[in-house]
Amino acid sequence: MVSLSFINPLSEEGQRIVKEKGDLNSIFSINEDLIDIVTHDQRQNIDDDSLIPKSYGYLAIKRIQWFIERKNNKNFINDDYSYLLNDEIAEFDVISFHLISQAIATNFNLNSREVRLFVESQGKLVEERLIKLMPQERKEIVNKILIQLIFEENISWTFLKDLVASKKISLTDLVLSNGKIILNKEDFIDRFGDKFKDRAPDRMYEIIIGDSIKELILTTMIMQNTENYLQKIKDMSSTIEIHPAISELAEEITKTISELSSKYSEFHGPSGQESYMKIGKLIKDAFPPCITNTVEGVSSGGRNDAIVLLLTSFVSYARLYPAIFKNEGVDVKVSDIDPNLNITLNEILPLIYEAANNCSPPLFDDQPQEKINITSKLGFGMHNDPDIENEGETTWYTPMSCEKIKMHLPQLCRPDKTCEKIGNPLSYYSRSKWQMQKEEKTKQAKETK
Ligand code: SF4
């Protein structure tokens, strides 16, 4: 049977493996045993040497790389990472899990994209590893791990309240009876057996609860425990010296995530256009009339909303995440694209503050508290300045649509020809930027003839 620590690296078995075999001095040393397992995996693609992790450290990086590629790459090839679902790597995998935990917890904020990606990747690995098991083995493993995780037979939903509060699990996914979560077939039949007139209760158990809810709880609890583990390491890290190899691993993880983030933050131009654009410096000449009017300063009514709601959201998304409307439903934070907030502090905020100063009267002269509202609309809570520590306290406000602007700030909307083809200022910006690049290319082509 597959090792329990392959699914739950925080199990006692996992802790024992780390104690016995984890060695910080060998994080980046070539590990022939690992290479042997990976290259002998029947499905693994071995044509490209860069696909093979050769040390614990690179296995750790591959785990994150797998998750980002799998989520974003339309041409993702499972066989490039087949070994990650092969339980023969269990011991290596457990050690690499603990290494990433240390690297991430000691170098990044708990709200950071690195933490989020790691926790989500762990959840996805659990799901995929369970899917690969034979049905009977899958059932047994899930039951064993749930017993380890839960300790008692009847869990009250309050036991999972943190998971419900964080929206990782929904109460509607659970079957409750008098505040207790029903997971066992016997409990279900005992409690609800007489309610089904025309159907067998055990069949109804399979339909209503079955194994899917157990697996959902298991996966969610492992993700939550991973977060708790990171918090524990972070709390302890102030009293211990960080091993240089852990810092090196953290740097490699950041590099990998940044490269992949920029690779997948490309977005396609308006439909029918073949080329694509990457996020880049703000181009004021491509701003739509409503934004240009705001940047020049608002003197009539609506000054505060123009700066805090319209301009803040427009400038931040235009600079950091112009593909927002193409990727609706994807949860993105400013630090996912701007991890050190360099762009936010040096490009986005100066433009917003300059526009605030151009207003009549200047916005912060009579309402300095609006700085807090700007910070809040960027997702950094109710504070004077954005700080990575506060990210997630509020939500990154999405850009207003033309319809909303026309309704709330009609004095700023002075539509031109491009406005006829779009529904929000961000689309205007993308379209005009694309048009400008196209014109530039045509000009260059003419000049070289
Ligand atoms: S139509 Fe939209 S993009 Fe154009 S000026 Fe009005 S609000 Fe701005």
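The exercises below work through a predicted model, each with a solution in steps.

**Before starting**

Residues are numbered from 1 along each chain as its sequence is written, and side-chain values use heavy atoms, with hydrogens and water left out. Because the model is predicted, local features need pLDDT of at least 70 and side-chain atom pairs count only at pLDDT 80 or more, while totals for chains, interfaces and linings use all residues.

**Exercise 1. Determine which residues form salt bridges with aspartate 93, and state where the partners lie.**

Step 1. A salt bridge is a side-chain nitrogen of Lys or Arg within 4 Å of a carboxyl oxygen of Asp or Glu, and a search of the whole structure finds 14 of them.

Step 2. Helices here are DSSP runs (H or I, at least four residues), numbered from the N terminus.

Step 3. Arginine 129 forms a salt bridge with aspartate 93 too, with 2.8 Å between the closest N and O atoms. Since arginine 129 lies in helix α6 (residues 113-131) and aspartate 93 in helix α5, the pair ties together parts that are 36 residues apart in sequence.

Step 4. Buried means under 20% relative accessible area, exposed over 50%, and partly exposed in between (1.4 Å probe, protein chains only). Aspartate 93, at 0% relative accessibility, counts as buried; arginine 129 is buried with a relative accessible area of 2%, and arginine 63 is buried as well.

**Exercise 2. Describe the salt bridge between glutamate 127 and lysine 124, and decide whether each residue is buried, partly exposed or exposed.**

Step 1. The closest N and O atoms of glutamate 127 and lysine 124 are 2.9 Å apart.

Step 2. Both residues lie in helix α6, three residues apart, which is about one turn of the helix. An α-helix has 3.6 residues a turn, so residues three or four places apart point the same way.

Step 3. Glutamate 127 counts as partly exposed because its relative accessibility is 35%, and lysine 124, with a relative accessible area of 23%, is also partly exposed.

Step 4. To return to the bridges of Exercise 1, shared partners join Arg63, Asp93 and Arg129 into one network.

**Exercise 3. Work out how the rings of phenylalanine 97 and tyrosine 229 are arranged.**

Step 1. Rings of Phe, Tyr and Trp (its six-membered ring) pair if their centres lie within 6.5 Å; planes under 30 degrees apart count as stacked, over 60 as edge-to-face and the rest as tilted. The structure holds 10 aromatic pairs.

Step 2. The ring centres of phenylalanine 97 and tyrosine 229 are 6.4 Å apart and their planes stand at 10 degrees, so the pair is stacked.

Step 3. Phenylalanine 97 is in helix α5 and tyrosine 229 in helix α11, and the pair links distant parts of the chain, 132 residues apart.

Step 4. Phenylalanine 97 is buried because its relative accessibility is 0%, and tyrosine 229 at 17% counts as buried too. Together with Phe118, these two residues form one aromatic cluster.

**Exercise 4. Identify the elements that build the largest nonpolar core, and look at leucine 130 within that core.**

Step 1. A nonpolar core is a set of buried Ala, Val, Leu, Ile, Met, Phe, Trp, Tyr and Cys residues joined through side-chain atoms within 4.5 Å. The largest one has 69 residues, and leucine 130 is one of those that touch the most other members, along with others including Ile7 and Ile141.

Step 2. Elements giving two or more residues to this core include α4, α5, α6 and α11, and α5 gives the most, with 10 residues.

Step 3. Contact means heavy atoms within 4.5 Å. Not counting residues up to four places away in sequence, leucine 130 touches Ile7, Arg138, Ile141, Val142, Glu215 and Leu218.

Step 4. Apart from this core lies another, of 44 residues, among them Phe287, Val298, Leu311 and Ala355.
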